[in-house]
Amino acid sequence: RQADGIIGLSSLDAACVLPILPDLARYHRIRPFTNTAPLADAEGKRTQHRAALAARFNLQPDTPILLAVGMMRGGDKLASYQVLADALKTIEGRNWSLVIVGDGPARDAVKGAFEGIDPNRLSSAGPVSPEDLPALYAGADLMVWPAINEAYGMAMLEAQAAGLPVVAGRTGGVPDVVRDGETGDLCTIGDAGAFANAVEILLSDPARRDTYRANALRLTAAENDMSVAAGRLNSIIETGRKACAA
C-alpha cells in the first residue's frame, strides 16, 4: 500500500494485488525477460548445432529431436516428467527421440517414469551449464514440458529465444511466455492424452514448427529481451519520480 509502484512478471500477479489496490493504478507489468542475444545467435547456427546434437547422442539425422529441460526433484517437477513419459508412450508409433536436460534427487524416479519406452529413443544430457544450453535449444526440433504448476518457465522462454517451438501445459504464468498457436501449443495441465496429441500434431507438421520458430525468434527479441525490460523499468521509475516531485 505504501509503494509508489508494484511490478509483476506474470498476469496472475495482478490478481494478488487487486484486493489491496482495487484500481491497480500503481501496478505495472514487465514481461519475463532474459538476454536473448546468445540464444538467437545459436539459432543462426542451427544446422551445426543439430548435427552436433545428433552425433552426440547417436540420433538419426531425420529423426525429430524432442527436448525436455527440468530439475529432477519431487513434487511438480516429477509430476511433469511423469505426464511427459505417459504422453510419449502413446505416440511410440511416431518417429522421435527425446533428450532430457536435468538432474537431481528424483533422478531414479524420473528414470522409472520412462520405463517401457525404447531406451534407444531416450538420451540424458545430465546437468548443463547456462553457457551450453543455447546450442541444445537451437539443435532440437520441439521443446516438450507439461509444466505442472509452473510459475512461468524460464527454460521455455530461453527455448523460444533460440527459435525452439514449445508444447506445454496451460498453467500459472506459462501463457505469458508461450503464445498459444503462435510460438507453441498449450494444453490442459496434467492431461497426458492432450499433451501427446499436441506433440503428435507438431511432429507431423514441420511447416507449422518452422512458423512457430520464426514467431518465437521475433517475439522474444521484441518483447522479452533484457533491454526491453530495462527500458520498461526505467519508464516506470521516471513516471513515479515525476509523480513524487509533483
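Strand β4 (residues 97-101) is mostly covered, with 5 of its 5 residues buried. Here buried means under 20% relative accessible area, exposed means over 50%, and partly exposed lies in between (1.4 Å probe, protein chains only). Helices (H or I, at least four residues) and strands (E, at least two) are DSSP runs, numbered from the N terminus. The model is predicted: local features need pLDDT of at least 70, side-chain atom pairs count only at pLDDT 80 or more, and totals for chains, interfaces and linings use all residues. Residues are numbered from 1 along each chain as its sequence is written, and side-chain values use heavy atoms, with hydrogens and water left out.

In a regular strand the side chains alternate between the two faces of the sheet. Both faces of β4 are covered. Ser97, Val99 and Val101 are buried on one side, and Leu98 and Ile100 are buried on the other.

Strand β4 pairs with β3 (residues 65-69) in the parallel sense, over 5 bridges. Two strands count as paired if DSSP finds at least two bridges between them. Leu98 of β4 is the bridge partner of Leu66. A right-handed β-α-β unit is made by β3, helix α4 (residues 76-89) and β4. A crossover is right-handed if, with the strands pointing away from the viewer, the path from the first strand over the helix to the second runs clockwise.

Strand β5 (residues 122-126) also pairs with β4 in the parallel sense, over 4 bridges. Leu98 stands opposite Leu122 in β5. From β4 the chain crosses through helix α5 (residues 107-113) to β5, and this β-α-β crossover is right-handed.

Helix α5 contains Val110. Val110 is buried, at a relative accessible area of 3%. Neighbours within four places in sequence aside, Val110 is in contact (heavy atoms within 4.5 Å) with Met72, Leu78 and Tyr81. Between Val110 and Pro19 the C-alpha to C-alpha distance is 40 Å, and the two are 91 residues apart in sequence.

Side chains of opposite charge can pair when their charged atoms come close. A salt bridge is taken as a side-chain nitrogen of Lys or Arg within 4 Å of a carboxyl oxygen of Asp or Glu. By this rule the count is 11 salt bridges.

One of them joins the side chains of Arg29 and Asp176 (3.8 Å, N to O). Arg29 lies in strand β2 (residues 27-29) and Asp176 in helix α8 (residues 174-177), so the pair ties together parts 147 residues apart in sequence. Arg29 is partly exposed, at 27% relative accessible area. Asp176 is buried, at 9%.

Arg46 forms a salt bridge with Asp141, and the closest N and O atoms are 2.6 Å apart. Arg46 is in helix α3 (residues 46-56), whereas Asp141 is in the loop between α6 (133-139) and β6 (142-145), 95 residues apart. Arg46 is buried, with a relative accessible area of 18%. Asp141 is buried too, at 5%.

Arg170 forms a salt bridge with Asp180, with the closest N and O atoms 2.7 Å apart. Arg170 lies in strand β7 (residues 166-170) and Asp180 in the loop between α8 and β8 (184-188), so the pair ties together parts 10 residues apart in sequence. Arg170 is partly exposed at 42% relative accessible area, and Asp180 is partly exposed at 38%. Salt bridges that share partners also join Arg31, Arg179 and Glu223 into one network.
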